[in-house]
Amino acid sequence: MNWIAWKMLTGDRAKYFGTVFGVAFGVLLISQQTSIFVSLMRRTAHAVIDVRDASVWVMDPHQQNADEIKPLSDSDLNRIRGVEGVAWAVRYFKSLARAKIENGNFRQVVLLGLDDATLVGAPVKMREGSLANLRRPDAIIVDKAGYEYLWGQEPVRLGRTLEMNDHRAVLVGICEATAPFQTFPVVYTRYSQAVQFVAGERKVMSFVLTKPQTGISDQTLAERIHDKTGLMAQSRREFMWFIIGYYMRNTGIPINFGITIALGFIVGTAIAGQTFYLFTLENLKQFGALKAMGVSDLKITGMVLLQATIVGVIGYGLGIGMTALFFESTGGITALAGFYMPWQVAIVAAVAVAFIIVLASFISLRKVLMLEPAVVFRG
Amino acid sequence: MVSQVLLPTDNEPRTTDDVAISCTGVIKDFGEGDAKVRALYGIDVDIHASELTLLIGPSGCGKTTLISIIAGLLNPTEGEINLFGTPQSELRGRKLVQFRAENVGFVFQQYNLLPALTATENVAVPLLIQGWKRPAALKVARETLVAVDLEQRADQFPSQLSGGQQQRVAIARALVHQPRLLVCDEPTAALDGKSGRTVMELIKKVAVQPGRAVIVVTHDQRVFDYGDRIIEMADGRVVRVASDAAEIAHFAEKVSA
């Protein structure tokens with residue numbers, strides 16, 4: 001009977017492709033919009049994501065995100081170093097700065113200052129130049145997207161300069177970095193250099209980055225630092241979600257994307273569900289004939305579920321494929337850098353399409369199972 | 001010569017006196033309470049094996065309801081149906097579905113062929129329902145198509161066949177699993193006169209076999225003379241049964257007059 005179910009499904013090519021593309025379109029809407037939302041939210045935590053060597057972040061207890069920063073004092077660093085279980089603790093600077101390039105144009109940049117001695121928080125992957133060059137006077141490293149924002153499509157040329165707070169900065173490298181939320185260039189420099197690139201304040205230390213000693217968890221160390229110093233301390237993962245949570249609560253992004261995703265889900269459900277439902281309805285007479293000829297309700301259920309599974313699997317594959325193709329084809333666009341489809345989204349879309357298909361199958365099945373086989377005698 | 005594949009499983013020669021199906025006091029109501037409508041009022045009728053029984057009467061007289069009950073597609077509200085010695089009341093749920101699959105062949109007014117399957121594949125469906133392997137089912141289906149003179153159209157889809165050809169495929173499908181009961185609902189209603197006669201000749205020649213009961217519901221007067229027995233219904237009751245040739249001829253003349 002599976003063979004008959006397959007033939008019934010694929011016999012009318014137009015209906016078959018219509019149903020499959022209905023599901024594929026629904027999956028595309030859900031997976032593409034969810035991926036963009038996730039990627040956008042991920043951008044808000046770009047600074048945390050790119051610091052791989054420290055696992056606990058310490059900051060002012062009233063801090064709400066990674067952009068509005070109330071600096072710590074140098075004594076805070078020493079207090080943190082004195083907490084039991086701290087393997088090491090270093091300064092970390094983060095601020096917005098205005099950078100002026102050679103032709104007079106300027107751009108706001110995300111300025112990151114790394115501990116002079118250890119360079120904790122340095123970019124992991126360099127595209128041009130060497131991380132060691134950051135120790136040179138006035139040295140900065142800019143992310144690849146940032147270079148394009150500053151100098152357009154000009155070929156990469158190390159040694160070129162820009163100006164921040166009347167201080168000269170020399171480009172010594174191009175690195176990979178997670179795109180920030182506001183699509184600003186990301187500029188790495190040493191801590192001592194960074195504080196000169198922004199207007200002076202009495203306190204400048206944005207964060208303290210630390211790592212626990214072996215055998216102590218990040219959470220335990222964070223709790224100890226908070227208890228001993230009164231400062232807010234969070235593990236890297238906690239802080240990332242803390243930032244994302246702030247943007248989720250305080251911006252319209254989740255609502256806008258939520259509406260889009262919900263619409264995608266509803267439209268996807270409507271298209272996929274309706275096309276499959278209509279497909280079953282159009283075959284109602286055939287199912288009636290099969291029932292009359294002695295096909296049991298159980299086998300009919302199996303046939304409909306098999307058809308739904310085939311439509312669901314092929315539609316899902318096409319939909320996810322189209323989403324993957326979208327991100328693959330837009331991967332080279334600087335403004336969309338870092339937008340990707342997380343595997344979790346693929347699973348969410350699979351669950352969604354399974355839900356859609358099961359729902360459509362059961363609504364269709366209800367019609368089929370309620371169908372009196374005697375209906376075949378009614379003209 | 002009739003193909004061996006079309007003979008019923010239980011193909012011992014029988015006389016026309018063999019009662020294959022017996023209906024006793026069959027009542028059928030639809031709906032409940034004030035909306036209740038009685039479609040059949042205590043039908044007592046026998047359907048004989050090895051002959052072609054025509055069930056005639058005006059639209060709405062209960063013909064389709066009666067054959068639906070006989071074929072096990074509807075349950076009677078009251079009364080008893082005896083199918084080849086088995087009370088239908090003993091066949092419920094899965095047993096009844098299995099009984100239909102093994103013992104009943106259907107020919108529908110609108111053919112009800114699966115449009116995605118070729119003629120051969122459509123004919124193989126009853127065998128596949130019984131769990132036959134596909135190659136074996138297709139082989140027997142192809143042989144059955146020979147019996148209805150459609151071997152040249154074996155690989156064509158229903159949409160590529162004329163109405164008469166589609167009905168012949170439907171007849172082959174109804175007979176491929178050698179059922180003991182063949183139920184045909186208005187098999188000529190959608191056909192022109194010539195095609196209708198071809199279909200009736202085919203039913204008469206191929207379907208009517210020893211041990212098999214064949215019921216044809218029709219109000220197509222052109223085909224009355226094909227019947228071995230005519231049961232006339234009106235308003236949910238059997239009003240007349242004609243069984244010998246003279247009676248049938250007279251009946252046909254009377255109706256056509």
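**A helix pair in chain A, and its surroundings**

A: Let's start with the pair itself: helix α2 (residues 13–44) of chain A and helix α12 (residues 343–370) of chain A have axes that come within 9 Å and cross at roughly 145 degrees. This is a predicted model, in which local features need pLDDT of at least 70 and side-chain atom pairs count only at pLDDT 80 or more, while totals for chains, interfaces and linings use all residues. Residues are numbered from 1 along each chain as its sequence is written, and chains are lettered from A and ligands numbered from 1 in the order in which they are written. Helices (H or I, at least four residues) and strands (E, at least two) are DSSP runs numbered from the N terminus; axes are lines fitted to C-alpha atoms, for helices over the stretch in contact, with angles from 0 to 180 degrees between N-to-C directions.

The crossing of α2(A) and α12(A) is right-handed (the near helix is turned clockwise from the far one by less than a right angle). On the α2(A) side, the contact includes Val23(A), Gly26(A), Val27(A) and Ile30(A); α12(A) brings residues including Val345(A), Ala346(A) and Ala349(A). Contact here means C-beta atoms, placed from the backbone, within 7 Å. By class, the contact of these helices has 11 nonpolar, 4 polar and no charged residues (Ala, Val, Leu, Ile, Met, Phe, Trp, Tyr, Cys and Pro count as nonpolar, Asp, Glu, Lys and Arg as charged, the others, Gly among them, as polar).

Now for the neighbouring chain: 20 residues of chain A are in contact with 24 residues of chain B. Helix α1(A) gives the largest share of chain A's side, 5 residues. That side divides into 12 nonpolar, 5 polar and 3 charged residues.

Within chain B, an open sheet of 6 strands runs in the order β6-β7-β8-β3-β9-β10, with mixed pairing (strands pair if DSSP finds at least two bridges between them). β6 (104–107) and β10 (237–242) of chain B stand at the edges, each with a single partner strand, so one side of each is left without a neighbour in the sheet. Neighbouring strands of this sheet are turned by 20 degrees against each other on average, direction ignored. Strands β7 (residues 181–185) and β8 (residues 213–217) of chain B pair in the parallel sense over 5 bridges, and Val183(B) stands opposite Ile215(B) in β8(B). Leu55(B) is in contact with residues including Ile215(B), Val216(B) and Val217(B), leaving aside its neighbours within four places in sequence.

How values were computed
Contact = placed C-beta atoms within 7 Å.
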